[in-house]
Amino acid sequence: MPTQTFNLNGEQVTVEVEDDVRLLWVIRDILGVTGPKYGCGINVCKACTSHINGKAFNPCSVPVGEISADDEITTIEGLADTVDADLHPMQEAWIDKDVAQCGYCQPGQIMAAVAKVRQCADEGRKLDDAAIEEIRNICRCGTYNRIREAIYAGAENM
């Protein structure tokens, strides 16, 4: 069986699994990191949004064989470590704005928000409603107004 090696939340991990197994299953079922949620498995709902090398991606749609040993995968569990704190500013904003209802999509929402704030900064553009509308994560509870408020609040402290 092939061996797959990559960095997950700051730790180098190696697993024996076929190349075509989706990374989400490796993260959740083999490595036991359950923050990224399974929603659709086809890169539509974005409940599994994580970061690869600092950019948002959906591990439900990426075969583990496409991940290299140099790739850094960050899930919601490792987000606070990227800022050396107990919580990332975006996580704090989510709590302060009382965003979550059921909470199922929230890890993916937070990861997408952090990536969008970073993208806007890298591109030298202002985080605004148009940029936030580019985030396509689905929330079945419909907390989009609180999500937007939390993204603005979190961005102020990033």
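Among contacts between residues at least 6 apart in sequence, what percentage joins residues at least 24 apart? I took a contact as heavy atoms within 4.5 Å, and found that 56% of those in the chain do so.

Ground rules. I worked on a predicted model, in which local features need pLDDT of at least 70 and side-chain atom pairs count only at pLDDT 80 or more, while totals for chains, interfaces and linings use all residues. Residues are numbered from 1 along each chain as its sequence is written, and side-chain values use heavy atoms, with hydrogens and water left out.

Entry 1, the chain. I looked up the secondary structure and got six helices and five strands; these are DSSP runs numbered from the N terminus (helices H or I, at least four residues; strands E, at least two). In sequence order I read β-β-α-β-β-β-α-α-α-α-α. The radius of gyration is 15 Å, close to the 15 Å from the globule rule for 158 residues, so the chain is as compact as a globular protein of that length. That radius is taken over C-alpha atoms, and the rule is 2.2 Å times the number of residues to the power 0.38. Along the principal axes, the C-alpha atoms fill a box of roughly 45 × 30 × 30 Å. Buried residues (under 20% relative accessible area; exposed is over 50%, partly exposed in between; 1.4 Å probe, protein chains only) make up 46% of the 158 residues.

I checked the length of H6, residues 144–156: its 13 residues should span 18 Å at 1.5 Å a residue, and its end C-alpha atoms are 19 Å apart, which agrees. The expected span is 1.5 Å times one less than the number of residues. Which residues of H6 are buried? I found Ile147, Ala150, Ile151 and Gly154. They cover an arc of only 105° around the axis, which puts them on the same side of H6; the arc is that of the directions from the helix axis to the C-beta atoms. Asn145 and Glu156, on the other side of H6, are exposed. The cover over the buried residues includes helices H3 (89–96), H4 (106–123) and H5 (129–133).

I searched the whole structure and got one aromatic pair. The ring centres of Trp25 and Tyr38 are 4.9 Å apart and the planes stand at 45°, so the pair is tilted. Rings of Phe, Tyr and Trp (its six-membered ring) pair if their centres lie within 6.5 Å; planes under 30 degrees apart count as stacked, over 60 as edge-to-face, the rest as tilted. Trp25 lies in helix H1 (residues 23–30) and Tyr38 in the loop between H1 and strand S3 (50–52), so the pair ties together parts 13 residues apart in sequence. Trp25 is partly exposed at 31% relative accessibility, and Tyr38 is partly exposed at 36%.
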